[in-house]
Amino acid sequence: MTHPPYFAPHGGLPGQEALHTGRAVFTEAYAVIPRGVMRDIVTSNLPHWRDTRAWIIARPMTGFAETFAQYVMEVAPGGGSDAPEPDPGAQGVIFVAEGAIEIALGEIAHLVEPGGYAYLPPGCGWRLRALGEHPARFHWIRKRYQAVEGIEMPEPFFASETEIAPVAMPGTDGRWATTRFVDPDDLRHDMHVNIVTFQPGGLIPFEETHVMEHGLYVLEGKAVYRLNRDWVEVEAGDFMWLRAFCPQACYAGGPGRFRYLLYKDVNRHPALALPGA
């Protein structure tokens, strides 16, 4: 089966003869973590994970992003975890970029290959193991679930982007489209993890400015992205982290399509400060 290409970091270090020409930036409104800085030296080890390392590219931070953590995981064949999630209130999404993994829920095991997506609600007791002869590389996005009285918690589910038709934005002739794994009107879900695709010449023709936090990991291609007051060149393997209300726009000049994995928090009231805080 042929899968669409998804960039994933492989680590390593540049030679001592290399010049510093990176594009990493951290501002009050956004951050860009380019693929060139995702090296061995910035990986993390995680409790109860075997033969695994992680690039942690987003985490809740006072005064910046608040709602989610995002990892790029690299798990050697046979590695994984029987107790992967330490927070009983956390939900997770896994999206596979390279290799194959098995995610078990109770006695049922699910094969997840490149383009595969898993939604794992709090307390579902999932387990993960890497399959095959090569490391598996996948995104793991974590967010504490915000329960609402009278609304049921979502069930776990598995999907593949290869089986979902992208939905084009109105008036774009298909040049800007979104692959949605969750119905936007399903209020059980308080986060969306989608794939956004721009064909060459596609663009966001206005500065989106809204309440959602964003994490954008570029899976394929390159573009010029508007972040707050700046136009920033980004390519496959780069990660963009936007605060709520950070203006954003995009121009995908080509030559190929431009795609990113998009996290955003949705369907809940903003939390208000406690009295006296």
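# Salt bridges, strands and a buried Asp

Student: Which residue does the side chain of Arg53 meet in a salt bridge?

Tutor: Opposite charges on side chains can pair up when the charged atoms come close. To call it a salt bridge, we want a side-chain nitrogen of Lys or Arg within 4 Å of a carboxyl oxygen of Asp or Glu. Here the N to O distance is 2.6 Å, and the partner of Arg53 is Glu74.

Student: How many residues apart in sequence are the parts that this pair ties together?

Tutor: Strands (E, at least two residues) are DSSP runs numbered from the N terminus, as are helices (H or I, at least four). Arg53 sits in strand E3 and Glu74 in strand E4 (residues 68-81), so their pair ties together parts separated in sequence by 21 residues.

Student: What pLDDT do side-chain atom pairs need in order to count in this model?

Tutor: Residues are numbered from 1 along each chain as its sequence is written, and side-chain values use heavy atoms, with hydrogens and water left out. This is a predicted model: local features need pLDDT of at least 70, totals for chains, interfaces and linings use all residues, and side-chain atom pairs count only at pLDDT 80 or more.

Student: Are Arg53 and Glu74 buried or exposed?

Tutor: Buried means under 20% relative accessible area, exposed means over 50%, and partly exposed is in between (1.4 Å probe, protein chains only). By that rule, Arg53 and Glu74 are both buried.

Student: Which residues are linked with Arg53 and Glu74 in a network of salt bridges?

Tutor: The whole count of salt bridges comes to 16. In the network, Arg53 and Glu74 are linked with Asp40, Glu98 and Arg137.

Student: What relative accessibility does Arg129 have?

Tutor: Arg129 forms a salt bridge with Glu102, with 3.3 Å between the closest N and O atoms. Arg129 lies in strand E9 (residues 126-131) and Glu102 in strand E6 (residues 100-105), so parts 27 residues apart in sequence are tied together. Glu102 is partly exposed at 24%. Arg129 counts as partly exposed too, because its relative accessibility is 36%.

Student: Which residue in E13 is the bridge partner of Val167?

Tutor: Strands of a sheet pair through backbone hydrogen bonds, parallel or antiparallel; the rule here is that DSSP finds at least two bridges between them. An open, antiparallel sheet of 8 strands runs E1-E2-E19-E16-E21-E14-E13-E12. Its edge strands, E1 (25-26) and E12 (167-168), each pair on one side only. E12 pairs with E13 (residues 176-179) over 2 bridges, and in E13 the bridge partner of Val167 is Thr178.

Student: How far apart in space are Asp238 and Arg35, C-alpha to C-alpha?

Tutor: Asp238 lies in the loop between strand E18 (230-235) and strand E19 (239-242), and it is buried, with a relative accessible area of 0%. Leaving out residues up to four places away in sequence, Asp238 touches several residues (heavy atoms within 4.5 Å), including Arg35, Tyr217 and Glu233. Asp238 and Arg35 are 203 residues apart in sequence, yet their C-alpha distance is 4.8 Å.

Student: Where is Lys143, the residue whose side chain meets Asp190 in a salt bridge?

Tutor: The N to O distance between Lys143 and Asp190 is 3.0 Å. This pair links distant parts of the chain, 47 residues apart: Asp190 is in the loop between E13 and strand E14 (191-198), while Lys143 is in strand E10 (residues 136-144).
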